[in-house]
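Please load the model in a viewer and keep the sequence panel open beside it.

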Amino acid sequence: DRTIKIAPSILSADFANFGAECEAIEAQGADWVHVDVMDGHFVPNITFGPATCAAIRPHIKGVMDVHLMIAPVDPYIEAFANAGADVITAHVEAGPHIHRTLQAIRGAGAKAGVALNPGTPASSVEMLLDMVDLVCVMTVNPGFGGQKFIHSQVEKVRDLRAMIGDRPIHIEIDGGVDPTTAPLVAAAGADVLVAGSAVFRGGSVSNPAPYGENIRAI
Ligand code: DX5
Ligand code: ZN
């Protein structure tokens with residue numbers, strides 16, 4: 001189904017309180033929980049790895065959506081699957097063997113996602129459509145929360161939606177999603193919207209109501 005799902009990114013959460021933050025955003029209406037893994041190599045920032053994913057897993061009732069911004073990726077797929085990831089997304093730019101990577105993700109029992117940086121065309125996933133459950137369109141350059149939405153990517157979303165046709169593949173948008181940009185990508189065919197700063201702003205685990213207001217505003 002193509003109902004819009006909101007996937008708050010815990011990159012904008014309180015890193016000292018991930019368990020409580022995950023519970024708070026789900027209680028406030030989050031559909032998925034988006035987990036941004038960064039290695040300081042593929043992207044210029046470092047977050048956390050499979051041990052943290054395993055630690056937060058019991059605090060998430062729904063989908064744990066793990067976005068790997070790491071290279072190489074293949075040696076770590078098993079670890080993220082074992083940590084309880086429901087969806088594991090790898091970047092098409094992260095190595096020469098994305099097809100093998102996607103096979104390995106499905107082989108490990110997770111749903112497979114492929115992410116595209118803003119400079120990468122929609123056509124780069126054309127040969128992968130039987131291998132993926134999700135295509136993630138980066139609408140910022142990956143690495144940091146709170147960046148400005150790159151409008152040129154909306155056309156890419158439209159192209160991907162046409163290319164995907166009736167296949168059961170989610171189109172996820174990641175970066176700069178807020179109440180202004182969300183309708184643009186939803187109209188272009190996206191159905192999973194990641195949002196970090198736009199969800200967590202103004203709230204906290206002790207004052208979670210703003211999370212719900214922010215989610216409903218998107
Ligand atoms: C960027 C991450 C995004 C980011 C989105 O590298 O993949 O998930 O946290 O943050 P906002 O919504 O603040 O742009
Ligand atoms: Zn992400």
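**Helix 4 and the sheet**

Begin with what covers the buried residues of helix 4: the cover includes helix 3 (77–82), strand 4 (87–91) and strand 5 (111–116). Contact here requires C-beta atoms, placed from the backbone, within 7 Å; helices (H or I, at least four residues) and strands (E, at least two) are DSSP runs, numbered from the N terminus. The model is predicted: local features need pLDDT of at least 70 and side-chain atom pairs pLDDT 80 or more, while totals for chains, interfaces and linings use all residues. Residues are numbered from 1 along each chain as its sequence is written, with chains lettered from A and ligands numbered from 1 in the order in which they are written.

Next, select helix 4 (residues 98–107), where Ile98, Thr101, Leu102, Ala104 and Ile105 are buried (20 or more other C-beta atoms within 10 Å of the residue's own, C-beta atoms being placed from the backbone). Viewed down the helix 4 axis, these buried residues fall within an arc of 160°, taken over directions from the axis to the C-beta atoms, so they line one face. Just after helix 4, glycine 109 has a positive phi of about 95°.

Now display the eight strands, which form an open, parallel sheet in the order 1-8-7-6-5-4-3-2; strands pair if DSSP finds at least two bridges between them. Strand 1 (5–8) and strand 2 (32–38) are the edges, each pairing on one side only.

Finally, select strand 3 (residues 63–69), which four bridges join to the parallel strand 4. Valine 66 has isoleucine 88 of strand 4 as its bridge partner.

Technical notes
A residue is buried if 20 or more other C-beta atoms lie within 10 Å of its own, exposed if 12 or fewer, and partly exposed in between; C-beta atoms are placed from the backbone. Two residues are in contact if their C-beta atoms, placed from the backbone, lie within 7 Å.
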